[in-house]
There are 2 protein chains.
Amino acid sequence: MPNTKARPRKMTEVARLAGVSLSTVSRALAGHSRISEQTRQRVREVAQNLGYQLDVSASNLRTGVTRTIAVVIPLSHATRQRLSDPFFLEMLGALADELTARGYGMLLRKVTQPPADWLSSLIRARRVDGVIVIGQSLHHDELDKAARAELPLVVWGSRLEGQHYVTVGSDNEAGALAATSHLIEQGCRRIVFLGDSEVPEVQARLRGYLAALESARIARGPGLELPVRFGSGASYERISALLHSQVPFDGVFACSDVIAMSAMRALSERGRRIPSDVAVVGFDDIPLAAFTTPPLSTVRQDHATGARSLVEKLLQIISGRRPESEVIPIELVVRASSLRHHHARADTDRRRRSRVSRASNAAVPR
Amino acid sequence: MPNTKARPRKMTEVARLAGVSLSTVSRALAGHSRISEQTRQRVREVAQNLGYQLDVSASNLRTGVTRTIAVVIPLSHATRQRLSDPFFLEMLGALADELTARGYGMLLRKVTQPPADWLSSLIRARRVDGVIVIGQSLHHDELDKAARAELPLVVWGSRLEGQHYVTVGSDNEAGALAATSHLIEQGCRRIVFLGDSEVPEVQARLRGYLAALESARIARGPGLELPVRFGSGASYERISALLHSQVPFDGVFACSDVIAMSAMRALSERGRRIPSDVAVVGFDDIPLAAFTTPPLSTVRQDHATGARSLVEKLLQIISGRRPESEVIPIELVVRASSLRHHHARADTDRRRRSRVSRASNAAVPR
DNA sequence: TGCGGCTGCGCAAACGTTTGCGCCATCAGC
DNA sequence: GCTGATGGCGCAAACGTTTGCGCAGCCGCA
């Protein structure tokens, strides 16, 4: 029965009880060098009975390795934004699973104002072995500088021209293209784009949106591209204002499900029916998206493989290799919020790297 | 300009350049002992220029203190549940703010199967100074054992009879009482309760629910208390089944907003109108609750003060004191999903420790 | 001048591991 | 029986801080 309350045991105690030297204990527990199976067993047993736990501080000091990764969530420094988008949570959960599976701890950090160089200070303080940044947000320059300084760093986000850091990210352009094409196929001609186009990820989505319009020979509508920050309720007001302004539109492509949901609220409050008057598609496929009324069509980000790839690449960087950035394919999930006609065949929309699936619960509303 | 790429500097280097001894540097940077203001300045300056960062591993080893707190999220070990409820994210964000404000790091951990004693091993390995557990879930015994072993531990959850660990939690009973009373006041007589009553928090909410029924002399309806786990889509199926079974009901009190939202989906799919046919109240007030259609009435948990209190109490425990458990007051937020009559005066419902407010965006649907 | 107290700083011993090196057996080959 | 190789383990030096103690100066007071 492992000891819990008393003072922590040290290796010397284990050594004494096992009748071997301290270094043998270290090697036996690490499974490292040439120790006979017999003594290894005995040492393990004694350690177990004593409730011995390796002191990670001492171990870190000696080895120079912390087996801890920092995960930082940069919030746009403009607004003191709350951490509220469920997408982050999904990503965090996936990262936590991936890291613990590989024996790493996860130090979570939320940053708003980058204090000159929180990135390098985390590493130089030997607090963590590497850093994963979720969302490049507006910190591109900072990240690039850090990567040039050889800091072990990977970023969830879009690949930009000439960047020095490694990114893993969804195929935002293809996702937006698929979503917008789908809306066009459903008969939409004036499609609102909701997203903050200063953020690189959103820029990519805007490109996909515009590409879809172009390939359908639809003109880019003035006043249809609305800047909306992630996570805020601003899209509600934007859409309300748009409705008030009498600018006509029949479709909405939102850069996150949260944005889409608040847009839907504004629409239904003003008496617009979804999808018959206005069809809506979101982005992320947060768990709640399947449970809105009507259920929300959306572009699913595969955070599980995203997280795995992030962690893999970071560990590669730590071990001295130079992995490539990666783009994760993305999947359009069609639900009722964008499905106008029973005969609409969503699965003809298979193009680019994106796959399209009709969700199982995509029942057409009454 | 702080050095970034090169090998980390050590204190001896700072000492040499500042023309003082190593111990003076340590004291000067810590602002500790009696060092003249002049040398303190010079040392700080040299350290700054050199881009010196204290090696936390070494510091931890010497002082025995990590200035890191583990935040663990126990997921019910029954289902390998995903981390998806936005409430967690709100809580995490608040905790992150509170901890970083006090100079602590936050080690995030997700546990499913408690491997005998992950709690004590975290501490004994000197990985963290203390542990915050979000949601006692089903781990009550484990937590109690850990607390009896004098581990620095606080838990977000309900206070139970004779427990040894310190909890901070919402006034679940009062919240449920307010929510249910509100539904009754809106004319509901057969109110469904959705929640997994094995979890202590939910048990408290069930008590509040029953108390409200009793004080209105409404009999506890058979088949109206439905077990639904947090975070799953099961409530959708439960409600669907209930509707199918012809058991009549006119109100729903759900133990989380996520559960409420999936219940609303089931209702509207089956043609029930909200709130006229069935009024719905949730729990948590996640940001999305204001943007469902109709906007969701809910019981707001104050995670900001909750987080502050959790951190304060944990630091007190670490410094050897014995704080009391605390119950955080809760607020009923009335929105359209439960507001049936224009004349209904929600604010007559002021009772117990809970406050009631009519939300600003509680407009009655057309 | 002598003495005690105070200020400002350096010496060196910890903190608990990991690991290069070296030592003692044992064993095979001649 | 001697030599060289090899397996199994111990010695002791790191890793980079923090901190008790001690030691110089200096000032004030007698």
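Visitor: How many residues of chain B are in contact with how many residues of chain A?
Guide: This is a predicted model, where local features need pLDDT of at least 70, side-chain atom pairs count only at pLDDT 80 or more, and totals for chains, interfaces and linings use all residues. Residues are numbered from 1 along each chain as its sequence is written, chains are lettered from A and ligands numbered from 1 in the order in which they are written, and side-chain values use heavy atoms, with hydrogens and water left out. Contact means heavy atoms within 4.5 Å. On the chain B side the count is 66 residues, and on the chain A side 66.

Visitor: How many salt bridges are counted between chain B and chain A?
Guide: A salt bridge is a side-chain nitrogen of Lys or Arg within 4 Å of a carboxyl oxygen of Asp or Glu. Arg126(B) and Asp55(A) form one, at 3.2 Å from N to O. Between the two chains the count is four.

Visitor: Which residue of E2(B) stands opposite Leu108(A)?
Guide: Strands (E, at least two residues) are DSSP runs, numbered from the N terminus. Strand E2 (residues 105-111) of chain A runs antiparallel to E2(B), joined by three bridges; strands pair if DSSP finds at least two bridges between them. Opposite Leu108(A) stands Met106(B).

Methods
Helices (H or I, at least four residues) and strands (E, at least two) are DSSP runs, numbered from the N terminus.
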